[in-house]
Structure formats: C-alpha cells, structure tokens
Amino acid sequence: MPKEKYDPPDPRRCYTIMSAEEAANGKKSHWNELEITGRVRSLSSSLWTLTHLTALHINDNNLTRIPPDIAKLPNLVYLNLSSNKLRSLPAELGNMVSLRELLLNNNLLRVLPYELGRLFQLQTLGLKGNPLSQDILNLYQEPDGTRKLLNYMLDNLAVHPEQLPQRPWITLKERDQMIPTAVFTVMCYNVLCDKYATRQLYGYCPSWALNWEYRKKGIMEEITGCDADIISLQEVETEQYYTLFLETLKDRGYDGYFCPKSRAKLVSEQERKHVDGCAIFFKTEKFALVQKHTVEFNQVAMANSEGSEVMLNRVMTKDNIGVAVLLEVNKDMFSSGMKPPQERQLLLVANAHMHWDPEYSDVKLIQTMMFLSELKSIAERVSGAVTTDSPASDPSSIPIVLCADLNSLPDSGVVEYLSNGGVAENHKDFKELRYNECLTNFSCNGKNGNSDGSITHSFQLKSAYDSNLMPYTNYTYDFKGVIDYIFFSKTHMSALGVLGPLDSQWLVDNNITGCPHPHIPSDHFSLLAQLELHPPLPHPLNPLNGLHLPVHR
C-alpha cells in the first residue's frame, strides 16, 4: 500500500487532570492515547471497551501474556509492549491492520505468530532483546527488514477457510409465458490485470496469491462457472486475451472482440503485450456477429473539444476505451414452444472501463457521455440502413446491453445520467469547469437542439442490479463500493434475476482485509444478470420494441 505519512506519538507525553469545577461546567475530555504503567501483571477486560484508542503504551510492566481481546481495539495505530515478560503473542494481533508501529523489544519471545504478516501498514516493528530464532533475526536485520519479515510471514501463513460460500441467485421476475421471449445471461467482470496487481496496492494479499499464474486459474473458474451467454471483461492484458481468454473460451463455444487502451499505439511491441483493454465474448450458437466497434475516448474528446482547454487537458489525456459488438439473435432463442418471430432481431452489446481517479468525476461523466453518443451513432447508422422507409432512423429501436466498470458510485453523475436519461449542464461532477460549449455535441438533441440546460441521451436504460442488491462490487482495504454495472434497454428487456453478493458477514468473520485474496482472484466481484428480450413487433408497426429487418438471406 502507498505509505501514508505517519507521525508517532510524542514521547514527551504530558498529562493534565480535569478539575472538579471544569467537570461541573460540562467540559469534555478528548483522549485517544492511554498509558498503563506500574509493574502491572494483568490487564482489566474493561480496557477492550476503549475502542476509540489510537495509541496504547503498556511497556515496562510484568505482563506475561496479551489476551486475544486486544484485537477489539481496531483503531490502534501505535502499540508499545516492550520491556514485559511476554513469551508468546496472540494470533489475533494480525487482525489489527491499522497498526503502523508495534514495539515488542526486550521480552522473552522465541517465536512470532505468522499472522503478524497481515499487518501490511506496519512501518516500525521493534524486536530487539528477544531470544528469537536466527532465521527470523537474519531477515529482520536486512535492509528494509521489517517489510521482508512481514512479507515472509504473510506468504507462509496458512489460508483459512478452505473455500468461499456460494453467492445466492436472486430471482427478480418470472419469464413471460404469453409471448416468445429470448432469455440470455450477461456477465460483467474486471479481472484485475497483472500489471496492477502489486504489493504496493494490495499489501494484504500474499505475493503468491497476486501472481498471475495463480490468479488466472481462479479468474477462468469464475468465468466458466458462470457460463454466461455474453461476457464483458475489463483489464484484460493484450497477450492474455489471445493466449488465455480467447483460447479457453473458443473451446467453449464463444467468439470474442477485444481492443486495448489507446496507449498501445504508442509503446513498443514488447510493452504492447501488457496494455490492458476491454473484451466482449458471446456464444456463437445464440448470437452471430454483425459489426464490431471501438470507441477511443481521447479521439472523441479531441474531435469535440470546441477549443475547450479542460477538454483537451483533462479528458483527452486519458486513454480509456469502450468496445461494442452488434449481434444478431438466433431465432431459436425465442421459441420456447411458440412460433419464433419472423423479424430479424439485433442486439448492441457495449463494454467500457472509465478513468479511475476519484478527483476526475468530470472526466468519468464526459467519457460516459461520449460513449453513449458514439453508441447512438452506431445504432442510427444500423437502423437507418435497415428501415429505409422510416422518416428518421431511431437509435432507441435497437436493444442495448451496456456493461462497464464506471469507477463511479450509484449516487454519481455518471449513474444519474445513465439511469435518468440525462444530467444538468451544471452538475457538481463537472466541477464548475468550462465544458458547456462541447457538451451539447454529446446530447441526443445535438448542437442545435433545445438543451433546456441538460445533456441527454436517447437510450432508456435500467440497471440490472437495482435497489442495493450488491453492497459492493469492488472490495479493497481502503475502498468498498459499487462501481461495476450492467444496464439494459428497459423498453426491450427486463431482468429476470441476478447473482447476489458474497455474504458480507463471512468476509468480516474471516477477517478478509480486502481483495484479491487467495480465494478471490480480483479486487472486483463479477456481476451476472439474466435478461429477457421481447421480440420485435411485426412490420409495419412503429419499431419501438426492436429493430426490424426484412428477411433477406
């Protein structure tokens, strides 16, 4: 993890005792440090109720053991146990992951619990004056010995429990029995590419469990176990797309489309292998590929900057991308004992990964607008090409499934824009920066339309995971939240069910500091939704529920 600035407690501690008069006048005391001294042999259990403590000095006493209850003080940053008579330490000490300084000098410790390796934020570990084994001391005395010793202990710590509990399937509605609908499943999963899976970012995960050779097995098990009809993946490294993902999934009846981030064009061939991007896979027995598209957000930003400096300096400099495939749905998917529709049914599947930095809410929102604007152009071109007798091509006539790691929480402008069909031009996520001139380019009304102060899109979208079904899709030590989504056209589709969350209590009970974890190969959880697609209305009715193509083969 990146080291935050840590200021140890001032060794020149001063104590002031509140007078009776101050107490009577209602003066409040604020203290988060506690010192216990005086040759103390055992500690009162009431100490473990002081959960607000950040520093605990219990050095220079006669303590022979520390009870496991010490882990009930989760906010401790500093713990001094030096100069006691400790012969062992409780394994629970490893759960105190807020610790930056742990002093154990001058005790009788011969061994250390390997659970100490879980203290990934520890900067100072005092072990001097203990009869520890030479192996431990040799590691500890090396340059950066504290970190090396903790890594060694974490890498050799036994992994419990043996396996994950199953995630529940949540049924949202029953399939329509009156008309022949097509039912299919969609997966959205950020697999955490190897380049970003570092100990600096994920210090709580053993290095062997961060290793790509280990993680890729769990990732492929997750993907093949879900067996989705359409799979959208983010953070897929270029080389791994061809050697692992496409190769494995082709054998299981899928075809795919992939594009790396824009920087792939600027780096050497060797580096290009490790540039990550977005991939979409689909089962060829259910869907046929009609078109494939890549949207490079930096190119769209440059083309629509209208002289805006912030557009060029903030948006154009990010190399995120989106991909889309236009699929034809196999008519057999509609049968379910009923006569399939005569009209040809298309489906636009899109996948994107937006910029990560929380300070760039404006960039994420504009990238999302650019993506939907480009998807609208794709849909218009397709619907215009096949409904030539229609006075105007209607992009909303094509059902769309949008999967994305939006790096945006449910209360963000990005999700408001997607869910509500638009956001105000002065939305707080634009950070009062001067984007107004170029934003109208991305509104469904276009440059000359009536904007009424908002930027809109023409797709009527709904999230498959509505109403807090998932408490988080990204689960790390310092961030837990929903940032991954599956959206679909609510005029054409409904969600029949979704894969629910991993039991939150299980994560707490098993002290899972964050993901990745030996049992969880990415820092994201996959999303899986079962969608029901309604058939297109027969021509010549107005094409609201699907794209109508005359049956020409």
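Predicted model: local features only at pLDDT ≥ 70, side-chain atom pairs only at ≥ 80, totals over all residues.

Biologist: How many of the contacts join residues 24 or more positions apart?

Modeller: They account for 68% of the contacts with a separation of 6 or more.

Biologist: What is the order of the open sheet of six strands?

Modeller: The order is β11-β12-β13-β14-β20-β17, with mixed pairing.

Biologist: Why do β11 and β17 count as edges?

Modeller: β11 (287-296) and β17 (461-463) each have a single partner strand, so one side of each has no neighbour in the sheet. Neighbouring strands here are turned by 20 degrees against each other on average, direction ignored.

Biologist: What makes the pairing of this sheet mixed?

Modeller: Look at β13. Strand β12 (residues 321-329) and strand β13 (residues 346-353) pair in the antiparallel sense over seven bridges. Pairing takes at least two bridges. V325 stands opposite V349 in β13. β13 and β14, in turn, pair in the parallel sense over six bridges. There, A350 stands opposite L402 in β14. Both senses occur, and the sheet is described as mixed.

Biologist: How do you know that β13 is mostly covered?

Modeller: Eight of its eight residues are buried. Both faces are covered. L346, L348, A350 and A352 are buried on one side, and L347, V349, N351 and H353 on the other.

Biologist: Which strands does helix α11 touch?

Modeller: Helix α11 (residues 413-420) packs on the sheet and touches β14 (400-405), β17 and β20 (484-489). The direction of α11 makes about 15 degrees with that of β20.

Biologist: Which residues have the most contacts inside the largest nonpolar core?

Modeller: They are F184, I223, I230, F245, F281 and L375, in a core of 113 residues. Helix α10 (residues 361-386) gives the most to this core, with 11 residues.

Biologist: What does F184 touch?

Modeller: Leaving out residues up to four places away in sequence, the list includes I230, F287, L347, V401 and M493. It also includes D229 and Q530. A touch here is a contact, with heavy atoms within 4.5 Å.

Biologist: Why is A264 called buried?

Modeller: The limit is under 20% relative accessible area. A264 has 6%, so it is buried.

Biologist: Where does A264 lie, and what does it touch?

Modeller: A264 lies in the loop between β9 (254-260) and α7 (269-272). It touches R272 and V275, not counting residues up to four places away in sequence. R41 is 223 residues away along the chain, and the C-alpha atoms of A264 and R41 are separated by 64 Å.

Biologist: How many aromatic pairs does a search of the whole structure find?

Modeller: It finds 16.

Biologist: Why is the pair of Y202 and Y204 called edge-to-face?

Modeller: Two cut-offs matter: centres within 6.5 Å, and planes over 60 degrees apart for edge-to-face. The centres of Y202 and Y204 are 6.3 Å apart and their planes stand at 80 degrees, so the pair is edge-to-face. Y202 is buried, at 8% relative accessible area. Y204 counts as buried too, at 9%. F120, Y202, Y204 and Y477 form one aromatic cluster.

Biologist: What makes F297 and F371 an edge-to-face pair?

Modeller: Their ring centres are 5.8 Å apart and their planes are at 80 degrees, so the pair is edge-to-face.

Biologist: Why is that pair said to tie together parts of the chain?

Modeller: F297 lies in helix α8 (residues 297-303) and F371 in helix α10, so the pair ties together parts 74 residues apart in sequence. Both F297 and F371 are buried.

Conventions. Residues numbered from 1 in each chain as written. Heavy atoms only, no water. Helix = DSSP H or I, 4+ residues; strand = E, 2+ residues; numbered from the N terminus. Axes fitted to C-alpha atoms, helices over the stretch in contact; angles between N-to-C directions. Core = buried A, V, L, I, M, F, W, Y, C linked by side-chain atoms within 4.5 Å. Buried < 20%, exposed > 50% of the residue type's maximum accessible area, 1.4 Å probe, protein only. Phe/Tyr/Trp six-rings, centres within 6.5 Å; stacked < 30°, edge-to-face > 60°.
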